[in-house]
Amino acid sequence: MAVLITALIQVIVCIGLLPVLPSIAETQTVVIAIDQTILHMNQNIQKILDKSNFLTEDNKPLADVQFVTIISDNNDSLETLDKVCAQIKDGAIVLVDMTSPNVAALLRSFASTLGIAYISVVDNSYFRYGSGDASLHYYVEPTAVEMLRVVADIVIADDLNNVAIVYDETFDIQNTPRRILTNVPAQHLYVKMSDDTTVTRTQIEMLKKIEIRNIFIIGNSRNAPIFLEVANTYTNFEVNWFFLTKDSKLTCLNCKNEVRVIVITATPQPPAKTQYDIFMKQILDPAVNFNRDSFKTDEALVFDLVRLIKLGVNTTGLVPIVYPDCYNISEANDTFMMQSQSIVNSFKQLSIHGVYGPLDMENDITRYRFTLQINQKVFKNGNVAQNTEVGNWTEALVQKDRLKLASGIKSLTKSDKKKFYRIVTVAGMPPFVYKTSGENGTKAKYEGYCIDLLDRISFLLDFEYDIYESPDKLYGAMDDDGNWNGAIKELIDKKADIAVGPISVMAERENVVDFTVPYYDLVGLTILMKKPEFDYSLVKFLSVLDEDVWFCIIGAFFLFSILICVFDKLSPFSYQNNTIDWNGEGSEPRVFTLKEGIWFCMMSLTPQGGGETPRALSGRLVAATWWLFGFIIIATYTANLAAFLTVSRLETPIESLDDLSNQFKVKYAPTNGSNALIYFKRMADIEHRFYGIWKNMSLDDNLGAVERAKLAVWDYPVSDKYTKLWETMQESGFPSTKDEAMEKVLTGEFAYIGDATVNKYATLTQCELWEVGEEFSRKPYALAVQEGSPLRSELSNVILQLINQRELEAFKTKWWQKDELDCPDIEDESDGISIKNIGGVFLVIVIGSALALITLAIECYWYKYKPRQKKKLYVISSKDNLTKSESQTTATKGFPSSNQLSNGHTKDGETVVNGKGPVREEGHTNGGFVEMTERL
């Protein structure tokens, strides 16, 4: 078969369809381009390639393949390409790429153009877009790519923050986009190691200054000890050390002080481990003591890659790919393409046991199934005082399945004692921070919303703390010279680690400290005032007139009632003095007794009217006088009531900052050194600057006449509201403390401008106060830490967790309701009179109805019940008289006398009482009114 293929190729060459091909050879050439840095770090690679023919598999020889090494310069990709092209002139079947990303892209495209099988051992993530023919490409993942995954897994598992990655060129990090901790919520920075100890000291001092807590040294076993030994000379530089290397050991001969390092190395796996060890001892000089500590992952990868190529290439029948001028190829030859595709497919079918684990393909990527051993080494006086295996890492899809710690090991960081932090706060800011004790020299204790939050964070992050109050009892403000006070100054001076309380996130504060994510809603400024005092009264409608006026009106009422009665009694023309003039037709004319006089005067004041007027002219004059008096009184009362209610509604309360600035009665100001003071001061300064800009524009001589005319306006075009507010505040004076401000507010002539939370708490605990207006200048509350502190991310993560679990809502409900009083609502008289003021009118109805019921009861008793009792007495008396009368009649045989009839005798079935006439069944006499009058 091989002879036929050779003959066919020679015929095609004769007619000029292919470049001149060499005869089929049993020994084939593989070109391997290696970055010079890799060769420098792994000096045994060249020996492995040169002695590859010594390799056997199961005591059987492998394919006869020679490896031609081309050393690549990272900065010169064209030079590398020229070297590869020169080798292609001599023929090759495979191109192996172990160069840098700068060179690999060019080689990949070159291999596709020539149609040569291409094995890439360069991080595939460098290539954003696919290039070349994928069927010709076989991708082997570099050992650095897989080993670096352990760094992210450790950071996530131990929740590390403020991480420094110190590296050399071993892992090619200098060429990466530094994505080791991509999507990992941890602050980190990269530091490249230097051979110069002076530079190393500068780097370590920088890391110490910014309080780096976790350092990963990623490099070889020659450079790492230099950095570690220099760091060991510094005191109070307590960090968690991690060392990731492609080598097999770490020494620290000059580490005098005790230092603990987590060492991460790859673990060789049998049987390839034994095969590699035998091969290396065979090809190396016997003087070289090659042992387990001499293993390097890159050298082992080249060893396994040589095995893979020799197993996957069947040299029999292969044609070397030869191009006399590889720069003038427009399209790869089909024969070469088919041969190269066949070689790549055979590679993809293979799976071998590598030195550091299985080497097989998954998702078109061939990689080691690494097992990284994690040891804890303690160095002291240059020796290894302790070496303990604390875990291992194995490649897996799920992060939690990759990193496994040894039994009893909970963390790779130091955990022998809890972390301790100093917390600064400001007491007297309920409901956020209360100071519950601390008088008479006792230790101060605090509670509140922020203290509950701090306790919850300390539990989740497992740290202890000591809390103290800011010396000047302020959260912090910057003066005109740039100096800070309060809790912010404590953080700047590194006297405290965390500042806790209702601390607003402000731009100038962010320049000197770091803030966590907000733990509370946006909080602005509001106006706190004393509640307006409303005079509630059930008989408010009576307060329209003075008490003396009401007494005079009542006196006039009874006076005219008596006068009408007297005039009707004395006047010879009144009806009661001329009863004979009534002929009995119609209703009986009115007799004005005292009762009727009172009723007449009362009814005259109502729309119903007084009814029938006196008959006599004198009585009518008295009634007319009363009518005129009543008309004037009613008109006066109505007018005064309307004016009284209107005046009370015209008193418009302060409802906004504009209302406050437009009045002069109430003074206002924030507390000295507060956020509100800074806000108004800056707003006034901004207005002043705007005025200066406008003034300079208006007076600019460089402007033309037309442009100047456009600026010629009578009024200043920008508001000066805050300038006026600031001037008024300065005249009013700034209260020194919040308590002083509250005392001034309670006087009723002062308005306090402060944080909405402070004012809201004041209204909940003091019913005399209320908030007016909408919030302005809103800012979030957050915890503050030192600038660059790793606590920022740790605290932020916990706060976000608590927000998602709605624990902060529970804190808010608990502390806002703790001291809340049940204050009465404020009646808004602008929308109408409340029941508290008009209720007396309904009370009149109740009282009148009650009096009517009482009167009805008296009437029923007097005119219905009592006469029945008297009738029973009359009946009894009549029977006694009748018995006596019968006895007398029998004796005299005559009729009763008129005296007997008048004393109660009956006549025609009726009872005659004292000669007054018959008595009806109900007890009323035929006289009716006369009888009732006599009874009265």
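In which sense do E1 and strand E5 (residues 94–98) pair, and over how many bridges? The pairing is parallel, over 5 bridges. The legends below describe close-up views of a predicted model.

**View 1. Strand E1 and its two partner strands.** Strand E4 (residues 65–72) runs parallel to E1 and is joined to it by 8 bridges. Within that pairing, isoleucine 34 has isoleucine 71 of E4 as its bridge partner. E1 also pairs with E5 in the parallel sense. Strands of a sheet pair through backbone hydrogen bonds, either parallel or antiparallel.

**View 2. The two sides of E1.** In a regular strand the side chains alternate between the two faces of the sheet. Gln28, Val30, Ile32 and Ile34 point one way from E1. Thr29, Val31, Ala33 and Asp35 point the other way. Both sets are buried.

View 3. Helix H5 spans residues 101–114 and has 14 residues. From first C-alpha to last, H5 reaches 20 Å, close to the 20 Å expected at 1.5 Å a residue. Which residues of H5 are buried? They are Pro101, Val103, Ala104, Leu107, Arg108, Phe110, Ala111, Ser112 and Leu114. Glycine 115 follows H5. Its phi is positive, near 75°.

**View 4. The disulfide of cysteine 85 and cysteine 326.** The sulfur atoms of cysteine 85 and cysteine 326 lie 1.5 Å apart, and the two residues form a disulfide. Cysteine 85 sits in helix H4 (residues 77–88), while cysteine 326 is in the loop between helix H11 (297–312) and helix H12 (334–349), so the link ties together parts that are 241 residues apart in sequence. Cysteine 85 and cysteine 326 are both buried.

**View 5. The disulfide of cysteine 252 and cysteine 255.** Cysteine 252 and cysteine 255 form a disulfide with their sulfur atoms 1.4 Å apart. Are these cysteines buried or exposed? Cysteine 252 counts as buried because its relative accessibility is 1%. Cysteine 255 is buried too, with a relative accessible area of 0%.

**View 6. The disulfide of cysteine 767 and cysteine 823.** In this disulfide the sulfur atoms of cysteine 767 and cysteine 823 are 1.9 Å apart. The link is left-handed, with -80° about the S-S bond. It joins distant parts of the chain, 56 residues apart. Cysteine 767 lies in the loop between helix H25 (756–765) and strand E28 (769–781). Cysteine 823 lies in the loop between helix H27 (807–816) and helix H28 (835–892). Cysteine 767 counts as partly exposed because its relative accessibility is 24%. Cysteine 823, at 17%, counts as buried because the limit is under 20%.

View 7. How many disulfides does a search of the whole structure find? The search finds 3. With the bonded cysteines of the protein chain numbered in sequence order, the pairing reads 1-4, 2-3, 5-6. Cysteine 565 is buried, with a relative accessible area of 17%. Cysteine 601 also counts as buried, at 0% relative accessibility.

**View 8. An open sheet of 5 strands.** The strand order is E22-E19-E23-E29-E24, and the pairing is mixed. Strand E22 (463–469) and strand E24 (513–515) stand at the edges with a single partner strand each, so one side of each has no neighbour in the sheet. Strand E19 (residues 419–425) and strand E23 (residues 498–499) run parallel and are joined by 2 bridges. Isoleucine 423 has isoleucine 498 of E23 as its bridge partner.

**View 9. Two helices across the sheet.** Helix H14 (residues 449–461) lies across E19 and E22. H14 runs at about 155° to E22. Helix H26 (residues 791–804) lies across E19, E23, E24 and strand E29 (784–786). Its angle to E29 is about 155°.

**View 10. The whole chain, for context.** The protein chain has 30 helices and 32 strands. Of its 936 residues, 43% count as buried. Among contacts with a separation of 6 or more, 70% involve residues 24 or more positions apart. The accessible surface comes to about 50300 Å², and 55% of that belongs to carbon and sulfur atoms.

Note on methods. Residues are numbered from 1 along each chain as its sequence is written. This is a predicted model: local features need pLDDT of at least 70, side-chain atom pairs count only at pLDDT 80 or more; totals for chains, interfaces and linings use all residues. Side-chain values use heavy atoms; hydrogens and water are left out. A disulfide is a pair of cysteine sulfur atoms within 2.5 Å. Helices (H or I, at least four residues) and strands (E, at least two) are DSSP runs, numbered from the N terminus. Buried means under 20% relative accessible area, exposed over 50%, partly exposed in between (1.4 Å probe, protein chains only). The expected span of a helix is 1.5 Å times one less than its number of residues. Contact means heavy atoms within 4.5 Å. Accessible areas come from the Shrake-Rupley method with a 1.4 Å probe; for residues, only the protein chains shown count as cover. Two strands pair if DSSP finds at least two bridges between them. Axes are lines fitted to C-alpha atoms, for helices over the stretch in contact, and angles run from 0 to 180 degrees between N-to-C directions.
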